[in-house]
Amino acid sequence: MLLNLDHPQVRLHQRQTIRLHDQGPVHVACDDGSIWITRDGDVKDIILSPGQSVTICEGGALLISALADSRVQLDAPPTPCPPRVPARRPGLMQRMFG
């Protein structure tokens, strides 16, 4: 399915899925129905009901599946996502002496 983000509302039939590839930050809102959101590499899935929304700051593939006939809004996040801080590895002294 091609998405036109000039008109970011998407209607999904029950069990229909859309995939966003490396979308960058996105705000997903469920206007009607119920949707299931899963991200590559993330063990936590998200389920949204009407009126609920989530901002996803991490890039990567994103799957949005309709658990019932649904209406979904896809937009840029309402506020900028915080900069990503890389995980810091412990230094040699900390690894050796705890």
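# Getting to know this predicted model

The accessible surface of the protein chain is about 7,000 Å², and carbon and sulfur atoms account for 54% of that surface. The model is a predicted one.

User: What share of the contacts between residues at least 6 apart in sequence join residues at least 24 apart?
Analyst: The protein chain has 98 residues, of which 30% are buried. Among its contacts between residues at least 6 apart in sequence, the share joining residues at least 24 apart is 69%.

User: Which strands are the edge strands of the open sheet of four strands?
Analyst: This open sheet has the order β1-β8-β3-β6 and antiparallel pairing.

User: Which residue in β8 does L12 stand opposite?
Analyst: Start with the strands: β1 pairs with β8 (residues 70-75) in the antiparallel sense, over four bridges. Within β8, the residue opposite L12 is S70.

User: I would like to look at R15. Where does R15 lie, and what is its phi?
Analyst: R15 is in the loop between β1 and β2 (17-20). Most residues other than glycine have a negative phi. R15 is not a glycine, yet its phi is positive, at about 75°.

User: Is R15 buried or exposed?
Analyst: The cut-off to keep in mind is that exposed means over 50% relative accessible area. R15 has 72% relative accessibility, so R15 counts as exposed.

User: Which residues of β2 are on its covered face?
Analyst: In a regular strand the side chains alternate between the two faces of the sheet. In β2, T17 and R19 are on the uncovered face. The covered face has I18 and L20.

User: Which residue in β7 is the bridge partner of T17?
Analyst: β2 and β7 run antiparallel and are joined by four bridges. In β7, T17 has as its bridge partner S65.

User: What is the distance of the polar contact between the side chains of S65 and T17?
Analyst: S65 is in strand β7 (residues 62-66). Beyond its neighbours within four places in sequence, S65 is in contact with Q16, T17, S34, I35 and W36. With T17, the side chains make a polar contact at 2.9 Å.

User: Why does S65 count as buried?
Analyst: Buried means under 20% relative accessible area. S65 counts as buried because its relative accessibility is 14%.

User: Which residues does the disulfide join, and what is its handedness?
Analyst: The whole structure has one disulfide. This disulfide joins C57 to C81, with an S to S distance of 2.1 Å. The torsion about the S-S bond is about -80°, so the disulfide is left-handed.

User: How many residues apart in sequence are the parts that this pair ties together?
Analyst: C57 lies in the loop between β6 and β7, while C81 lies in the loop between β8 and α1 (92-97). The pair therefore ties together parts whose separation in sequence is 24 residues.

User: Last one: is C30 buried or exposed?
Analyst: For context, C57 is partly exposed at 28% relative accessibility, and C81 is partly exposed with a relative accessible area of 22%. C30 has 1% relative accessibility, so C30 counts as buried.

Technical notes: Residues are numbered from 1 along each chain as its sequence is written. This is a predicted model: local features need pLDDT of at least 70, side-chain atom pairs count only at pLDDT 80 or more; totals for chains, interfaces and linings use all residues. Side-chain values use heavy atoms; hydrogens and water are left out. Two strands pair if DSSP finds at least two bridges between them. Helices (H or I, at least four residues) and strands (E, at least two) are DSSP runs, numbered from the N terminus. Buried means under 20% relative accessible area, exposed over 50%, partly exposed in between (1.4 Å probe, protein chains only). Contact means heavy atoms within 4.5 Å. Accessible areas come from the Shrake-Rupley method with a 1.4 Å probe; for residues, only the protein chains shown count as cover. A polar contact is a pair of N or O atoms within 3.5 Å; within protein, one must be able to donate a hydrogen and the other to accept it, and residues adjacent in sequence count only if both atoms are side-chain atoms. A disulfide is a pair of cysteine sulfur atoms within 2.5 Å.
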